[in-house]
Amino acid sequence: FCTSNSLELPLARGIQRTAVRQAHRKHEPDFHDKYGNLVLLGGAAMFTTVWAYVFTQLGMEWGLSPVGRITPKEWRE
């Protein structure tokens, strides 16, 4: 007679052993742990700087409506 509990025990034990092994392992900081926030802030600063330049210095006209700027050509027959 076999129950579902007895079938899951070996798998559960294996998962528990893996979790214990990973919990006791020393975590060494990788690149993202060391520099992740710095890279994120640097990217945000570059993004903001570039778009601030685009909006203020390039002299682009941002009015999208062509009303008053486009005049129709004379009709030729």
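Mentor: The model is predicted, so local features need pLDDT of at least 70 and side-chain atom pairs count only at pLDDT 80 or more, while totals for chains, interfaces and linings use all residues. Residues are numbered from 1 along each chain as its sequence is written, and side-chain values use heavy atoms, with hydrogens and water left out.

Trainee: How many helices and strands are there in the protein?

Mentor: There are two helices and zero strands, where helices (H or I, at least four residues) and strands (E, at least two) are DSSP runs numbered from the N terminus. Helix α2 covers residues 31-57.

Trainee: What makes Phe31 and Tyr35 an aromatic pair, and why is the pair called tilted?

Mentor: Rings of Phe, Tyr and Trp (its six-membered ring) pair if their centres lie within 6.5 Å, and planes under 30 degrees apart count as stacked, over 60 as edge-to-face and the rest as tilted. The search of the whole structure finds two such pairs. For Phe31 and Tyr35 the centres are 5.2 Å apart and the planes make 50°, so this pair is tilted. Both residues lie in helix α2, four residues apart, which is about one turn of the helix.

Trainee: Why is the pair of Trp51 and Phe55 tilted?

Mentor: The ring centres of Trp51 and Phe55 are 5.6 Å apart and their planes stand at 35°, so this pair is tilted. Trp51 and Phe55 also lie in helix α2, four residues apart.

Trainee: Why is Phe55 called exposed, and why is Trp51 called partly exposed?

Mentor: Buried means under 20% relative accessible area, exposed over 50%, and partly exposed in between (1.4 Å probe, protein chains only). Phe55 has 51%, so Phe55 counts as exposed, whereas Trp51 has 39% and is therefore partly exposed. Val50, in helix α2, is partly exposed because its value is 43%.

Trainee: Which residues form the nonpolar patch on the surface?

Mentor: Met46, Phe47, Val50, Trp51 and Phe55 form the patch, with about 560 Å² of accessible area together. Accessible areas come from the Shrake-Rupley method with a 1.4 Å probe, and for residues only the protein chains shown count as cover.

Conventions: Patches are made of residues with over 30% relative accessible area and no salt bridge: like charges are joined within 9 Å, nonpolar side chains (Val, Leu, Ile, Met, Phe, Trp, Tyr) within 5 Å. A salt bridge is a side-chain nitrogen of Lys or Arg within 4 Å of a carboxyl oxygen of Asp or Glu.
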